[in-house]
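Please open the structure in your viewer and keep the selection panel at hand.

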Protein chains: 2
Amino acid sequence: MAGSEKKTELTRAEQKKATRRKLIETTIAIIATDGLSGVTLAKVAELAGLSRGICNYHFRTKDQLLLETFQTVYREHERAWKNALADQRMPPIHRLKRFIRVLLLPPVADFNKVAVWLAFWGEATNRRNYLYLCTAMDQDFENEVAAVLGEIGPPRNGSSGMDLGAVAVALTGMIDGFWVQYLIAPGRLSPEHAISACLAYLSRFYPEFCDTDSA
Amino acid sequence: MAGSEKKTELTRAEQKKATRRKLIETTIAIIATDGLSGVTLAKVAELAGLSRGICNYHFRTKDQLLLETFQTVYREHERAWKNALADQRMPPIHRLKRFIRVLLLPPVADFNKVAVWLAFWGEATNRRNYLYLCTAMDQDFENEVAAVLGEIGPPRNGSSGMDLGAVAVALTGMIDGFWVQYLIAPGRLSPEHAISACLAYLSRFYPEFCDTDSA
DNA sequence: TGCCACTGAATGAACGTATAGTCAACAAAA
DNA sequence: TTTTGTTGACTATACGTTCATTCAGTGGCA
């Protein structure tokens, strides 16, 4: 359909992998435009320019296709934020700022990808596999944030009763919430304001975030 | 099935209303346990202890049932937070604190209700009616928060570039995000910490939130 | 190098199931 | 008697899954 002729000398194994990837990417696009309930094996196949049985060939069931789609988004996301925190030569404050920026700006905070996250969150309560992934990712996420905050020092929590872990979980939640905003009210919250909001929050516990520049 | 005999001298109109309400409540429960995709007219009818055709009688289509279910949750929610802001005799800071508490504690921050929000957010991008409601609610929400903040004064934004509107949108997003946390990682973020996080954020722009007691 | 048997990715018709929506019949309230 | 909330069998169809079939790519063999 979409004139994508890929007759460019690929081995069978490469072709197969490419087809798998294409099916997953098509699924992501459909979730973003039509929602999770809009995903139909026939629709995926058609939009990928392939035949009806193809999804069942590469992924045994529809559920498997959806799960692998989610895992793909999840892993891309994970790579991005882990990378932002990785460079140990930078001071922790700088790393955490980069982390926040990466998560709230494109390409991570991309409409399609965020739509996939929300779609799976909505179904996470019942699909054990989805919930497991969501929870595990969030746990991991939160642990690493807590670790970086720990490098800076203990939070100056006033009388809020929030320890390091609580500060980290809430930051995680904030970022999730800003993604929700991006989707249900596009344009109302700019990425720059979302980032500023995170820093404003952190500055209550770590005054060193209370600064002017952002990098 | 569930021994709920309501033969207590109700007029037909009252009975009808009660049945409608019951169908909606059953739908909410199913969304919370099985997700939006788990909602089946037959399942709703069975769990409500009624017959197969009943949903189509009270709501012409399944879509209509879902839409009214969403509206019900939406209106309950709206009543709760508008009420928290209503008492003009209280100082704005006090009202806003009450507002935050109401949104992040039961009965508003109830598992079933939050599950419904998430489910509809997930489908909101494609279903116009849902998106319209989500966006409208969020707009309204944000306007009222901005109004209360305005009563306190302009935000001390340092160099963050956030005006009153931006502070309000981000607060809205944070609250949405904490709900997401409640669902995908139950128990990890306590309501009290969520509330403290909101106040920590606000204290950056309005130092008067930076206090000890919470009411 | 050229031929050919084999592999396996891809096809698409066919099938079974799940489920939304219809409707004629019923019984209790008005 | 009329109205109407409710029933449950029935219809239509959308969709996931299966499978016999096709045929390009691959690798062994002469």
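This is a predicted model: local features need pLDDT of at least 70, side-chain atom pairs count only at pLDDT 80 or more; totals for chains, interfaces and linings use all residues.

Residues are numbered from 1 along each chain as its sequence is written, chains are lettered from A and ligands numbered from 1 in the order in which they are written, and side-chain values use heavy atoms, with hydrogens and water left out.

**Stop 1: chain A with chain B**

Select both protein chains. Their contact (heavy atoms within 4.5 Å) involves 51 residues from chain A and 52 residues from chain B. The size of an interface is often given as the accessible area lost when the parts come together. Here the buried area, which is the accessible area (1.4 Å probe) that two parts lose on being put together, summed over both, is about 4000 Å², and carbon and sulfur atoms give 61% of it.

Next, select A:Glu142 and B:Arg188. These residues form a salt bridge, with their closest N and O atoms 2.9 Å apart; the term requires a side-chain nitrogen of Lys or Arg within 4 Å of a carboxyl oxygen of Asp or Glu. The interface has 2 salt bridges by this rule.

Which helix gives the most residues to the side of chain B that touches chain A? It is H8(B), with 13 residues. By class, that side of chain B holds 24 nonpolar, 19 polar and 9 charged residues. Here Ala, Val, Leu, Ile, Met, Phe, Trp, Tyr, Cys and Pro count as nonpolar, Asp, Glu, Lys and Arg as charged, and the others, Gly among them, as polar.

**Stop 2: DNA strand C**

Select DNA strand C and the 18 residues around it, of which A:Ser51, A:Tyr57, A:His58, B:Leu41 and B:Lys62 come nearest. A residue counts as near if one of its heavy atoms lies within 4 Å of the strand.

Zoom in on A:Ser51, where a side-chain N or O atom is 2.7 Å from a phosphate oxygen of DNA strand C. Move to B:Arg12, which has a side-chain N or O atom 3.1 Å from a base nitrogen of DNA strand C.

**Stop 3: DNA strand D**

Now select DNA strand D. Of the 18 residues around it, A:Arg12, A:Lys62, B:Arg12, B:Tyr57 and B:His58 come nearest. Polar side-chain atoms of two residues of chain B may be displayed here: that of B:Lys16 lies 3.0 Å from a phosphate oxygen of DNA strand D, and that of B:Ser51 lies 2.8 Å from one. At A:Leu41, a polar backbone atom is 3.0 Å from a phosphate oxygen of DNA strand D.

**Stop 4: the domains of chain A**

Finally, colour residues 11–60 of chain A as domain 1 and residues 63–209 as domain 2; such bounds come from an automatic or database domain assignment. The domain centres, taken over C-alpha atoms, are 29 Å apart. Between them the two domains bury about 1200 Å², with 83% of it on carbon and sulfur atoms. Display A:Arg20 and A:Glu68, whose side chains meet in a salt bridge (2.2 Å, N to O). On the side of domain 1 that touches domain 2, H1(A) gives the most, with 7 residues.

Note on methods
Helices (H or I, at least four residues) and strands (E, at least two) are DSSP runs, numbered from the N terminus. A polar contact is a pair of N or O atoms within 3.5 Å; within protein, one must be able to donate a hydrogen and the other to accept it, and residues adjacent in sequence count only if both atoms are side-chain atoms.
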